[in-house]
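Thanks for coming. I have one structure to go through this morning, so let me put it up.

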Amino acid sequence: MSEQDYDTIIIGAGIGGLMTAAGLLHAGKRKILVLEKGTFIGGKYTEINHKGYKVTTGSWTSIGKSSHIGRFCEEVGANVEYITLRQMKKKGIGSGLFSKVRYTDGTEYSPTSTETTHFSEKEGEEMTTLLMGLAAKELKGIDRSKNVSVRQYGENFTKSEGIMGLLDSLIGTAACLNVDTMPTSEFRIIMEDGFRLAAARFGFPVGGVRGIIDALEKVIREKGGEIQTKCNVEKINIDNNRATGVELSDGKTINSKIVVHNAGPRRLLELGGRKNFPNELVKKIDNLIPVEAAAIILGLNKPISKDIPLILTPDCERIVGIFEPTFFGDEAGVAPPGKTMIDLFCPIKTQNIKKEVDLAIEDIQNLYPGILDKSNLDFQQNMIFYKNTPAAESGQTFNQTGDDRIDPKTPVNNLYFVGFDAHGSGVAGDLIPIGVRKALDYILKTEKWLKVAI
Ligand SMILES: Cc1cc2nc3c(=O)[nH]c(=O)nc-3n(C[C@H](O)[C@H](O)[C@H](O)COP(=O)(O)OP(=O)(O)OC[C@H]3O[C@@H](n4cnc5c(N)ncnc54)[C@H](O)[C@@H]3O)c2cc1C
């Protein structure tokens, strides 16, 4: 290809890359090319077909139309249809609530219930005060900064390990961390976004999270952007501290004014060449603490719960939460009619993966005896995310939250970084649009994109 083939090349068609492409095109930019090494787009934020089910590649769900992703999509004209809890309740399905708690002895309670068999009245009060303290604007004498763990903060209110266990399952489900590894400041944002955006107005995208990817793809293609799959970028060309394009593994060079990297921080060093980045950034990326998790997906003949999509499981060995996308009915379009699909979310605690999966399987059998009987189980798919693989994401732990994540403007001119590991805080993938907005402000030399998010 010749000089200046494209205005912008985006490496990686994950949700971060696709949102960036849609944002640039929406702002009037043209000649945008997204290069994806895989055979499908969406990265860890989509579903692939398996036995008539749509099985997630990572993300369980978006948190609805009011989420950061939901609002970004609306802004750039990507139309996503959601099925809300309210609509389900109107149909007589569920109570309109998002989650409940279940223990291995089979007892359950909903968060609004005044009765729990597992907490004393005193613990109930302590939990309420703890959560209210989290939400309060100011709290004299209690530190809720990014240097304080959720356990340290929580111990101002309670000594109950039962409450810590419940917080663990909540944090594990939202961010795959626990009360000792999550900073209070980040937990506050997750809870605020969770309650403000999800609890009251939660909506499941029709077609699963792939519904969001499809909508972004449509905008990109309609506005003349290009997306090419099976294109592995092997190198980011950098000349005189300026990105000038990319080289593909088939030897082809594509030139562009701007390069946006959406393929993880370790690959940024790999593709850009470690020597092209300052030591400080290289060291920061090398030392990132990754998220380690297993997602076990089960296709079942019978539903596990008819009243709620998310179940927190505080007393399990490995499972911290279970999401049931098929709660949203056949219209959700993620399973063959009448079938059930559930995702078991399990933080990994050792490097013995077989043991980790076995413990999770034991958990689900304790929670729902008979669930894995031959007559009920359609399929089981284990997905493991661990170690320092290039795709491993940095956990929302100390020194890795908000502004401490990687800034979208890299030290190399015209090279930007987007995706989960970039600047941002909040509930899982829903933090990605914050970094994308910051990248758009940098690239377009505006100050409006990030402002809208806050
Ligand atoms: C188990 C699990 C559960 C999760 N659950 C949720 C959830 O319920 N809700 C939520 O909001 N978030 C969830 N997340 C987080 C969310 O899925 C991810 O943060 C998000 O999908 C990451 O998007 P991304 O664009 O940063 O990167 P990715 O999705 O990783 O996209 C990067 C893309 O770059 C491509 N690529 C890599 N190298 C190259 C190369 N050399 N050339 C070209 N292309 C390349 C990859 O193939 C990939 O498609 C979950 C994550 C995990 C792991």
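In which loop does proline 309 lie? Proline 309 is in the loop between strand 13 and strand 14 (310-312); strands (E, at least two residues) and helices (H or I, at least four) are DSSP runs, numbered from the N terminus.

Before going on, two notes. This is a predicted model, in which local features need pLDDT of at least 70 and side-chain atom pairs count only at pLDDT 80 or more, while totals for chains, interfaces and linings use all residues. Residues are numbered from 1 along each chain as its sequence is written.

Proline 309 is buried, because 24 other C-beta atoms lie within 10 Å; the cut-offs are 20 or more for buried, 12 or fewer for exposed, and partly exposed in between, with C-beta atoms placed from the backbone. Leaving aside neighbours within four places in sequence, proline 309 is in contact with Phe98, Phe323, Glu324 and Phe327, a contact being two such C-beta atoms within 7 Å. From proline 309 to glycine 419 it is 110 residues in sequence and 27 Å in space, C-alpha to C-alpha.

Glycine 419 brings us to the ligand. Around the ligand there are 35 residues, and Gly419 is among the closest, with Gly12, Gly14, Gly43 and Gly429; the criterion is a C-beta atom within 6 Å. Helix 1 (15-26) and strand 13 (293-300) are the elements that give two or more residues to this shell. The largest share, three residues, is from helix 1.

Now the domains, whose bounds come from an automatic or database domain assignment. They are domain 1 (6-62 + 210-288 + 391-453), domain 2 (120-199) and domain 3 (293-385). The ligand shell draws at least three residues from each of domain 1 and domain 3. The centres of domain 1 and domain 3, over C-alpha atoms, are separated by 30 Å. Where they touch, eleven residues of domain 1 are in contact with 13 residues of domain 3. On the domain 1 side, strand 3 and strand 4 give two or more residues each, and strand 4 gives the most, with four.

How do strand 3 and strand 4 pair? Strand 3 (residues 47-50) and strand 4 (residues 53-56) are antiparallel, over four bridges; pairing requires at least two DSSP bridges. Isoleucine 48 is opposite valine 55 in strand 4. The two strands make a hairpin with two residues between them, and lysine 51 in the turn has a positive phi of about 50 degrees.
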